[in-house]
Amino acid sequence: MNLLLPLINNFTMIISLVAVYGLLLRIKSSKETYTIGMQSVFFAATTLLAMSVPFTISEGVFFDSRSIVLTAIGAFAGPIPAIFTVFVSSLYRLNTGGDGMIMGVAVILTSGGLGMLFYYLLLRNPWLRAARYYYILGLIVHVLMLSYTGILPPDTRAAVLKDLWFPILILYPIVTTLVLALMAEQQDRMKRMHEQKQLQKFHAIGRRLTNHGIWLLDLEGKDSWWSPEMFTLFNFPIDQGVPDIRLYLNRIHPDDREKLLTAQERLLQHNRPMNIQFRTQLEDDTIRWYEVWGERAIPQTGQNKIIGATQDITQRKRTEVERQIFEKRFRIAQEMSPDGFTILQPVRDEKGEIFDFIWVYENNAVAKMNGTDPKKVVGRRLLDLFPGHRGTAFLNNYIQVAQTGEPLTFEEEYVGETLESPTWFRIVVVPMEDNIAILAQDITQRKQAEDLLKENVSRLAVAFENSPAFITIQKAENAEYISVNNTWSSITGYSAEEVVGKTTPDLNLMDSNAHELLLKEFKEKGAVRNVEVPLTIKDGSTRFILISSVLHSEGDKPLIFTTGIDITELKLKEAQLKQSEERFSLAFHSAPIGMALTRFEDGLIVDVNNAFLKISEFSRGELVGRKTTEIGIWSTETRERTLDQQKATGGLKLHEVMIYTKSGRELPILLSAEVIKINHVEHMLSNIVDISDNRKIEQALSESEANYKSLFENMNAGFVLFEVVQDTEGHPVDLLIVMANDGFRLTTGLDLKSSMGKHLTKVLPGIEKDEADWIGTYSKVALTGEAIQFEQGSELLGYYYSISAFKAGPNQCAVTFVDITKRKLAEEKERELEAQLRQSQKLEAVGTMAGGIAHDFNNILQGLYLYTNIIKEQLPDDDQVHSDFQHIIESGNRAKELVRQILTFSRKEEAIFKPTRIQYLIKDALKLIRASTPATIDIKENIDLNCGAVLCDAIQFHQVFINLCNNAIYAMKDKGGQLSVCLHQTESPIEVEPGKPFHLRGVFSN
C-alpha cells in the first residue's frame, strides 16, 4: 500500500504531461529556437515535478517516474529538449545526494540517451512507430535501471530488489508504452490538423483565383443548382434558372456528348470521379472547350446527384495547339540545324544545390557529335553519359545559368569521350522554365584560323628579325630608315638605334653618286631588282650586297622595302671556283683513267680526256659534240639501264658494262659516274677503267676457285672452319660453324654443312661436356695460333680421328678430321689376338704341368683303388662298412676319370662322348652337394628316372652340373632359399647339332 500511492501519483502526473504536451504542440512560433526553448523548459519542469514525488526506500534512496518521462522526451521531443532535461534533472539528483545518487544519475543518462537513440531510429525507420517497439524500448530502459541496483549498498540493494522488481519490470514498461503511444498520437493529430489547415488555405486561395463554375446536377430533375459562373460559361440567362438537362446536353458537341454521358454513368454506377474534357457549340456556332470534374454529392443516400466544377479551357487548348505547332516547327528547325541544341533538367541534392542534369532533348547535330541515340538518351544523367564534364567550365556554367536564371555565352575547348580531337565550341545557355537550353556551335575552324593568324603574325615578326637576308624599311620621301632587322645590323655593324632617322649617305654606306643613280632608277621604274652594290660598313671594309627594293603604301605613307643578301663570300667563291675549274680541267685531261663529261639529258659528249680516247680508239673530234648513242660506243638500252640504276642509287660506283671501240671490239669496263651541275645544267662525269686484262685474271681465279671448291667438297677428310664465341670477359664459351664440307659428314656422320652459321652447342647438345673438349682445344688454336695434330676418339660420335688444327683467321680455327676408326679397331684386334696367344701359351704350360701332376695323382689312386678293393673283398657282403668302401671305390673311379680328362686336356685329346643316363649323374652329384650346402638352403629334386640317354662326356657334364648348383647356392648364401632341380624328357622344337652348345635349363629361387 505504501508503494501503490506514489505510483498512482507518478502515473497520473505522466498522463497529465501527455495532455499538456498536446497543448504545447499547438503553440507555434515563427522562430524555431523559441519553440525548442519553450519545450525544453516544460519538459525539465515536468521531470523535476516527477522527481519531487518519489517513493523512498531508505535515506538517500528513492524512486520515481523520471525514467518514463526522460525516455518519452528523448524519443519525441528531439535532442535539444532531451539534453537540457537530462542536464537539469542530473543536477537536481546530485543536489539531493544519498546512497542512490550515482544510480539515479545513471538512470537519468540511460533513459535520456536511449530515448534520443530511438528518436534518430524513427527518423530513418518510420515503421518503428508501433506499440511493440515502444514496449521493447521501455523494457530495455528498466532492465538496465534494475541492473544499476548493484551500485547500492548491499543491505539497501536487497530491499530495493524485493519491493521494486515487479513495478520496474512489469508496470514501468507498460506505462512507458502507453506514454509513447499517446505522445505519438498527439504528434500525428497535430500533423493532420496542420495539413488540414493548409489544405483549407489552399482551397480558399483556389476559389479566389479560379474562374470555375460550381454546379449540383440532379439527374432526376428535382434539385439542380448552378453558380453564376456556370451561366456565363455556357451563355445561358441567369434569370431563367438552371436549364433543363436536355437543353444543356444539346449544347455539347455531338462528338463529345456520348463521352460525357458515359463518364456520368461510370460515376453513378461505380462511384468513379469524373474528369473529362469536351467541346460545346454555342448559338453563334463558336466552339469552346471545357474541363469538368465531378463526384457523387452524397454517396450514402443513393441519390443520383453529382456535384462538380467546370472550367473554360478554350484559351488553354488554343495555346496547346499553337504550342504543339510551334514545338513541331521548332523541332524541325532544330533537327535541321547544323548547330547542336540540348535541353537539360537540373538535379539537386538535399540542400537544393545543383550537381548534375537530366537529358530532356537533343537534336540530330548533338546526337551525331556525341554518338548517342536521341530517343535512348532522354532521362539519363549528363555525368553518367559524359563523366569528362565533371569539374569543367561547361558544367559550372550550366549550373550558374540554372541557379541565377541569367543567360550566358562562352567559348571553351572540350576533349570529350566521343570526340577524336580537341574541339572548340561557342556555347549559349539560356533558362527555359525549370530547364536550361544549350546551343553549341563548333568554332574549331575559326579558332584554328585565329591561332594561325596569330602564329603568322608572330612568325612574320620572327622572320623579319631572323631572316638570313637583310631587310630595311625607309620613308619614300627622304629615304630615312624606319626599321632594320638583325641581319642588316650584323652585316653593316650599325645597331637599329644608330640607323633610325638617318639616310644611307648620312652613314657613308654608299658613294653619294651611286646612291643618287640608284634612287633615280627606283623612281623611274618603281622598283629595283637584283642590283649589286658595294657598301662601306662601320669598320671601314667593303661588302658586296645584292639588293631589291619595292614601293609599298601603308595607309597614306609610302614606304620603301629593301631586301638584300651579302654576296661578298659568294664573289670570293666565284673567284675560287674559276681557279678550281682551271685545276679541274688540268686534272681532267691529265688523269690516267678515262674520263668523259656528258650532258645528262641526252648524252651529248661535252669533253673527254686523253685516257678515254686511248681506251675508245676515237679521236677528240669524233666524240665531242656528239651523243654516245650516235657514235655507237654503247647501245641505247645500256645507257637507259645505266641511267635508271644511277637514279635509283644516286650514282654509280664501279659498275661493269660493255662498250664498243672504234674498231668494233667489245671491251669490258668499270664505270663510275656522278651527276654534277655546270651553269645550272645537269651533266654526268664518268670514269672508265679497262678491265679486259682483269677479266682474264678473274677467269683463271674462278677456275682455281672451282678446283679448290671441288677439292674441298670431294676430299675424303672432313673439314670444318670454326670461329670462337667469347663471353664478356673474353673466355671461349662456344664455337660458331663458319664452313664445313661433305667429307665431314661422311667422316663423322654429322651434317655441319647445313648448320653453317649456328653454334656448335646447339647442333651437338652435350658437346661441351665431351672428354674431347672441342671448345677448349680449338679455341686455344684460334686465339694463340699454335697448330696441333693428334689422334682422338669420341664417345659421343663413336669414331677415332686423326685431327689437324691450325689458325685460319682472326679468332678462327680450321680443323681436318681423318677417320682412323678401322685402323684403331685393327690395332685393338691385334692386341686382343696377342693376349689370346699369350694366354694360350700359358694354358699350354699349365696343361703340361697338369699332365705331370695327373700321372703322379694317377699312381696314388692306383694304390688306393687296389687296397680298397682288397679290403672290400675281405668283408662280408652284409657288412655295414661294405657300402662305405663301395662309395670310396666309386669316388676313386670318378677321380680316375678326372685324371683321364686332365691328361686328355694336357695332351690336347678330344673328350669321349657316349650315351649317358644323366639322371644318375645328377642324383649322385646332389648327394655330394647336400653335404656342403648350408642349412638355410633347401634342395628339392624332381628327376624322372625314365629319361633317355644323352650323348655327352660324363665327367664334363658332372663338372658343369656341380658348377651350376654351386653358383645357385652362392647366390642364396645370405638370405637362404630353395634349390630345385628338375629333369624331364621333352621334345626340342629345334634340332641341335652334335658338338654344338645348347642350353641346360635349371630353376632356383630365393
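**Close-up views of a predicted protein chain**

View 1. Over six bridges, strand 18 (residues 594-599) and strand 22 (residues 681-690) pair in the antiparallel sense; two strands pair if DSSP finds at least two bridges between them. Strands (E, at least two residues) and helices (H or I, at least four residues) are DSSP runs, numbered from the N terminus. The model is predicted: local features need pLDDT of at least 70, side-chain atom pairs count only at pLDDT 80 or more, and totals for chains, interfaces and linings use all residues. Residues are numbered from 1 along each chain as its sequence is written, and side-chain values use heavy atoms, with hydrogens and water left out. Glycine 594 stands opposite isoleucine 688 in strand 22.

View 2. Five bridges join strand 8 (residues 340-348) to strand 12 (residues 435-442) in the antiparallel sense, and isoleucine 343 stands opposite alanine 437 in strand 12.

**View 3. Threonine 423 has its place in strand 11.** Threonine 423 is buried, with a relative accessible area of 9%; buried means under 20% relative accessible area, exposed over 50%, and partly exposed in between (1.4 Å probe, protein chains only). Apart from neighbours within four places in sequence, threonine 423 is in contact with Glu412, Glu413, Tyr414, Asp442 and Thr444.

**View 4. Strand 23 pairs with strand 24 and with strand 27.** Strand 23 and strand 27 (residues 812-819) run antiparallel over six bridges, and valine 815 in strand 27 is the bridge partner of valine 720. Strand 23 is joined to strand 24 (residues 732-740) by seven bridges, also in the antiparallel sense. In strand 24, aspartate 734 is the bridge partner of valine 725. The hairpin of strand 23 and strand 24 has five residues between the strands, and there glycine 730 takes a positive phi near 85°.

**View 5. Phenylalanine 722 and tyrosine 778 form a stacked aromatic pair.** Rings of Phe, Tyr and Trp (its six-membered ring) pair if their centres lie within 6.5 Å; planes under 30 degrees apart count as stacked, over 60 as edge-to-face and the rest as tilted. By this rule the count comes to 17 aromatic pairs. The rings of phenylalanine 722 and tyrosine 778 are 5.9 Å apart centre to centre, with 25° between the planes. Phenylalanine 722 lies in strand 23 (residues 718-726) and tyrosine 778 in helix 27 (residues 774-784), so the pair ties together parts that are 56 residues apart in sequence. Phenylalanine 722 counts as buried at 1% relative accessibility, and tyrosine 778 is buried with a relative accessible area of 1%.

**View 6. Ring pairs link six residues into a cluster, namely Trp226, Phe231, Phe234, Phe236, Phe278 and Tyr290.** Arginine 251 lies over the face of phenylalanine 236, at 4.1 Å from the ring centre. A charge sits over a ring if NZ of Lys or CZ of Arg is within 6 Å of the ring centre and within 35 degrees of the ring normal. Lysine 317 lies over the face of tryptophan 289, at 4.6 Å from the ring centre.

Note on methods:
Contact means heavy atoms within 4.5 Å.
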